[in-house]
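Welcome! Take a moment to look over the model below, and then we can walk through a few of its features together.

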Amino acid sequence: MLTSQLVAQLADSVLIVVIVAAVVLVAGTAGLVVTRRRKAEVSAPTPPAPLDTAEPKVGEDAEEPRDTPTRTLEDTELPEEPVATIEKPESAQGRMVRLRARLARSQGSLGKGLLALLSRDKVDEEAWEDIETTLITADVGVTPTQELVERLRTRIRVEGVGGEQARQILREELIELVNPALDRSLKVSRKEAQPAVVLVVGVNGTGKTTTVGKLARVLVAEDKHVVLGAADTFRAAAADQLQTWGERVGVRTVRGAEGGDPASIAFDSVKQGIEEEADVVIVDTAGRLHTKTGLMDELGKVKRVIEKSAEVDEVLLVIDATTGQNGLTQARVFAEVIDVTGLVLTKLDGTAKGGIVIAVQRELGVPVKLVGLGEGPDDLAPFDPEQFVDALLD
Ligand SMILES: Nc1nc2c(ncn2[C@@H]2O[C@H](COP(=O)(O)OP(=O)(O)OP(=O)(O)O)[C@@H](O)[C@H]2O)c(=O)[nH]1
């Protein structure tokens, strides 16, 4: 009896559980269906809007402008690197006028010092000694100094002294010492259907690559077609540096592998110049210590290899004016291994020893053709003795 009651109770419980489960199941399924339907409503693609075939309205019929204001120029992000444009370099004419103040600033003590001593009422022995010291300190060199002092003594004795007269005498004698008779023109014109070739040489860090870049600008300003040869395969960044200089004025740079054979790059750049019918090919070479025989011999090879296809018209030796007497020693050794046709004195803006112009010309019997007066792209000027001396005396 008890058992049958127990069984009946159990059956009731099972029934209740089954009923509850069924209700939950039905409610769950209904919920799911509703959610699915809602989701389907949300993600259903909206039908495409009918094409607006109406004519655009103008004037008073025009629609109201958009809520969001149109972006102004200020809002627009510009690319960081401006689009490369070809620069127009300053012409060589008149550069010296612009750079004269800089020269006067650096060399002022030389010119003004001499002038002050010569303008005294009486130029005594002590004053002449001071004049000599001033000239030697400015790197004019012993022999040129003695010559100049001798000529000044004679003229001052004969023509007398006095402010303006002393200035005139000094000006004339300094110009004579710098030697205005020397041919300072650069051989940079095509001849016999071939480009002129300029080889740039010198000790490390004197400013060769910079000078090649600046020279290219001088020539581009004269409407010359220039090709650059990056034969400095020793310093990793030199070819990039040169190429950047070239690109700024639309000039091609021929380069080779880092550590490659400089003679072969020099050859290729001249070949390129011939093919492009260029006016000038300027070849930059690696800086080399004048004391390293192997490197110095390499220069001869570079020149000989170029000469297989074209004549080398200019060999420009770059000298850092701030190195003083050491610059003279370099000049001497370079001149022994290669025929230097012109000198470039760089960094004249950074030294008071402008007398090196006189000394180095004397040493080599070769004219200073260009002077570097700053790091700016157009801070290279053709050397002019009169303007140089006038800047000293400014
Ligand atoms: N103030 C001044 N600096 C100059 C002048 N010319 C060149 N320089 C600087 O001298 C440094 C060396 O110049 P580079 O052209 O790299 O010298 P480089 O002779 O090619 O050097 P290497 O390839 O190592 O032999 C650079 O910082 C130039 O900007 C100049 O006339 N005035």
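Let us start with two helices: α10 (residues 325-337) and α11 (residues 356-364) pack at an angle of about 25°, their axes 10 Å apart. Because angles under 35 degrees count as roughly parallel, α10 is roughly parallel to α11. The crossing of α10 past α11 is right-handed. On the α10 side the contact is made by G327, L328, A331, R332 and A335, and on the α11 side by I356, A359, V360, E363 and L364; residues are in contact if their C-beta atoms, placed from the backbone, lie within 7 Å.

This is a predicted model, where local features need pLDDT of at least 70, side-chain atom pairs count only at pLDDT 80 or more, and totals for chains, interfaces and linings use all residues. Residues are numbered from 1 along each chain as its sequence is written.

Now to the ligand. Around it sit 21 residues, the closest being G207, T209, T210, G287 and G372. Helix α6 (residues 208-221) gives the largest share of this shell, three residues.

Here are both sites by residue class:

| Contact of α10 with α11 | seven residues | one residue | two residues |

Finally, which residues does the UniProt annotation "domain: SRP54-type proteins GTP-binding" cover? According to that unreviewed entry, residues 367-380. The end C-alpha atoms of this span lie 16 Å apart, and residues 367-380 are 0% helix and 43% strand, with strands taken as DSSP runs of E, at least two residues, and helices as runs of H or I, at least four.

How values were computed
A residue is near a molecule or strand if its C-beta atom, placed from the backbone, lies within 6 Å of it. Axes are lines fitted to C-alpha atoms, for helices over the stretch in contact, and angles run from 0 to 180 degrees between N-to-C directions. Angles under 35 degrees count as roughly parallel, over 145 as roughly antiparallel, 65 to 115 as roughly perpendicular and the rest as oblique. A crossing is left-handed if the near helix is turned anticlockwise from the far one by less than a right angle, and right-handed if clockwise. Two residues are in contact if their C-beta atoms, placed from the backbone, lie within 7 Å. Ala, Val, Leu, Ile, Met, Phe, Trp, Tyr, Cys and Pro count as nonpolar, Asp, Glu, Lys and Arg as charged, and the others, Gly among them, as polar. UniProt positions are given in the numbering used here, feature names are shortened, and annotations may be inferred rather than shown by experiment.
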